[in-house]
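Take a look at the model below. We will walk through it piece by piece.

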Amino acid sequence: METPAFGHLRILALLTIWMLQVAVPSAVASYSIGVGRADTTGPIAEVVFMGYAKIDQKGSGLHLRTFSRAFIIDDGEQRFVFVSVDSAMIGNGVRLAVVENLQKRYGDMYTEKNLMISGTHSHSTPGGFMLDLLFDITTFGFVKDTFDALVNGIEQSIQRAHNAMVPGRIFISHGEVHGANINRSPYAYLNNPRAERDKYKYDVDKILTQIKFIGADDRPLGVINWFAVHPTSMNNTNHLVSSDNVGYASILFEKTVNRDSLVGQGPFVAAFASTNLGDVSPNTRGPKCEFSGKNCSEQYTCPGKKEMCFASGPGRDMFESTSVIANKIFKESWRLWQYGDTKEVIGPLRVVHRYVNMAEQTAEYYNETTRRTEQVHGCEPAMGYSFAAGTIDGPGSFAFEQGTTSANPLWNVVRNLLAAPTAEDVECHGAKPILLATGRMNLPYEWQPKIVATQVALIGNVVIAGVPGEFTTMSGRRLREAIKTVMNDASDETSVIVAGLCNTYSDYVTTPEEYQIQRYEGASTIFGPHTLTIYLKQYQELVTAAILKKDVEPGPTPPDLRKNTLLSFVTPVLYDTPKWGRNFGDCIKQPRKIATPGDIVTAVFISGHPRNNLMAVNTFLTVERLEEDEVWVPVATDANWETRFEWKRTSVVLGSSQVTITWQVPEDIKAGEYRIRHNGYYRYILGGVFPYYGVSNHFQVLTTGSGFRGRRYYE
């Protein structure tokens with residue numbers, strides 16, 4: 001048995017070896033690298049979105065397709081896969097299914113240990129895939145189409161990355177983005193110690209961290225950017241599936257590099273992944289009372305409780321706001337790509353993973369008030385009253401307010417019908433009045449996870465900490481500092497990245513001080529006031545193990561919720577029937593005959609239900625240009641920013657519907673003859689699903705100075 005002193009010397013020696021490994025210069029490819037992308041869009045009609053928990057926010061079309069973007073790094077000894085997927089979050093069931101499918105193809109090359117899946121946290125994507133009841137109850141249960149689309153897309157993106165492996169190099173850089181985020185719970189942030197707050201200029205992180213991947217032949221392979229902002233520019237009135245601001249930023253970057261490819265195609269892959277975004281809003285105009293436009297109170301409430309405190313901006317509507325935020329973070333990321341002060345990442349790769357039962361964990365916490373170190377522990381999961389109040393990005397019920405630190409006897413009676421918290425629960429959660437004792441609601445389904453996945457990847461002197469929830473600004477800062485205290489002995493230039501919403505979703509993580517204020521984030525910190533304290537200890541242990549090349553205990557196995565999936569109350573598609581006298585694909589509203597850049601071109605088609613085929617490797621629409629060889633060439637699809645695909649039920653009894661396709665003509669469009677094509681599938685009343693398509697009349701796009709006279713139009 002080692003003495004403490006000898007143990008410290010041994011760790012110091014190994015840290016020194018690690019530092020020497022990291023410091024070795026490299027003029028050649030340091031790693032094998034692969035990148036891949038695949039569609040994860042899922043059902044775009046009549047499925048509730050995941051994020052705002054608003055049961056009437058069902059999809060009715062498509063704004064931006066969603067994608068999984070995979071990055072594989074291999075140093076010859078270990079392999080690490082980072083996946084950023086345009087999804088509200090990732091559930092353990094999704095990751096288990098992905099791992100199982102990969103292992104059927106590749107054996108034990110990809111496991112829970114080396115696969116880190118991070119959700120971007122878009123609130124405008126279909127739900128029903130989480131399997132925990134609290135998350136799927138607002139989507140009317142389990143939605144197999146959503147689950148399968150996510151699993152298949154993530155798996156396919158990793159397969160494509162696997163098949164694209166080449167020798168390459170990795171570089172890291174940091175920049176700043178301003179005017180793209182604000183703190184949505186500043187009152188809670190101000191409860192953090194003044195000395196700590198004084199270390200930082202802003203109450204949200206403005207830093208954008210970029211890792212870029214370059215092939216040994218200097219070919220651009222891909223890029224991952226981390227910037228703290230909620231993808232909630234698309235608010236809870238939106239009914240079009242969308243990857244929101246960070247998804248659009250990915251599209252902008254990929255289009256810039258993959259110049260001749262349609263959106264979602266091309267070899268270069270760009271991800272804008274989530275980080276410590278817990279209390280960070282993109283709605284930079286700030287909160288106003290919904291109807292009167294007056295300023296909200298300091299607690300973000302409105303007088304008389306007759307209107308909600310709602311944040312918006314910076315654009316005139318949510319679409320423009322999404323574009324503004326996306327362009328801001330894209331432009332800084334592109335600047336870093338071209339001109340940033342980059343440093344090459346070299347050194348060994350190590351990945352460590354452990355499952356943790358949070359309620360059983362203990363840690364030491366220094367209490368600033370008592371000036372004593374206390375032994376603290378985790379709690380059984382529970383949600384507080386302020387959880388039901390929502391946030392300024394998506395307010396909840398009028399009956400609840402953020403900052404609630406006392407219980408309501410009437411609501412407690414309702415709560416106790418589901419499950420009453422124990423006296424131990426009440427004491428453990430402290431300032432949080434418990435609205436839902438989810439840790440006590442175990443039958444027949446798990447309401448929230450008790451066992452979470454914690455994971456760390458070390459790539460040279462870069463640490464990627466995959467965390468199972470939404471860390472607030474200061475929580476993320478404390479985690480980075482805690483990891484640096486372990487890493488600094490090895491390198492003074494350590495970069496720590498908090499990768500948010502990874503592998504398991506367990507809601508929010510606030511600091512103990514923020515927790516006392518019980519804003520939405522504190523009420524949603526489900527393992528109690530010292531959730532962060534426990535995570536700081538856990539991630540320091542993981543990083544230490546990675547440095548020492550030491551395996552950690554895998555931890556308790558979480559339940560496989562796929563074995564007892566929730567019932568689904570989503571209405572199935574029974575049959576489709578076109579309008580009387582019409583056929584599927586008929587264009588019943590034609591576009592106007594001439595358009596110019598900036599114009600919105602519209603066509604309406606008789607359609608089948610979009611859930612008949614999710615078009616994961618296809619598109620519901622194309623905008624096509626006629627080339628000189630009389631071939632129609634697609635110039636845009638339903639994945640483009642310029643297009644929108646809106647579905648509408650015209651008869652429930654007959655199963656009739658139609659779609660409206662709009663295309664805003666880009667400023668850089670090429671003059672010529674165009675048409676709009678709609679692709680779809682209909683379900684025959686006697687069985688079977690069959691394809692159809694329709695095309696609009698041709699129309700001319702004229703550009704300034706083109707001299708184009710529309711020969712075919714005038715014929």
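This is a predicted model: local features need pLDDT of at least 70, side-chain atom pairs count only at pLDDT 80 or more; totals for chains, interfaces and linings use all residues.

Residues are numbered from 1 along each chain as its sequence is written, and side-chain values use heavy atoms, with hydrogens and water left out.

Start with an open sheet of 4 strands. Their order is β17-β24-β25-β27, and the pairing is mixed. Strands (E, at least two residues) and helices (H or I, at least four) are DSSP runs, numbered from the N terminus. Two strands pair if DSSP finds at least two bridges between them. At the edges stand β17 (349-357) and β27 (495-499), each pairing on one side only. From one strand to the next, the twist averages 15°. Angles run from 0 to 180 degrees between N-to-C directions, and axes are lines fitted to C-alpha atoms, for helices over the stretch in contact.

Now look inside this sheet. Strand β25 (residues 462-466) runs parallel to β27, and 5 bridges join them. Opposite Ala465 stands Val498 in β27. A helix also packs on the sheet: α14 (residues 531-547) touches β17, β24 (451-459) and β25. Its direction makes about 40° with that of β24.

Another open sheet has 7 strands, with antiparallel pairing. The order is β7-β2-β3-β34-β35-β31-β29. β7 (125-126) and β29 (587-589) each have a single partner strand, so one side of each is left without a neighbour in the sheet. Strand β3 (residues 58-62) pairs with β34 (residues 643-651) over 2 bridges. The bridge partner of Leu62 is Phe645 in β34.

Turn to two helices. Packed helices are described by the angle and the distance between their axes. Helix α2 (residues 92-106) and helix α4 (residues 144-163) pack at about 45°, with axes 9 Å apart. The contact (heavy atoms within 4.5 Å) includes Gly93 and Val94 of α2 and Phe147 and Val151 of α4.

Finally, find Glu332 in helix α8 (residues 318-339). Is Glu332 buried or exposed? Its relative accessibility is 11%, so Glu332 counts as buried (under 20% relative accessible area; exposed is over 50%, partly exposed in between; 1.4 Å probe, protein chains only). Leaving aside neighbours within four places in sequence, Glu332 is in contact with Gly175, Glu176 and Val177.
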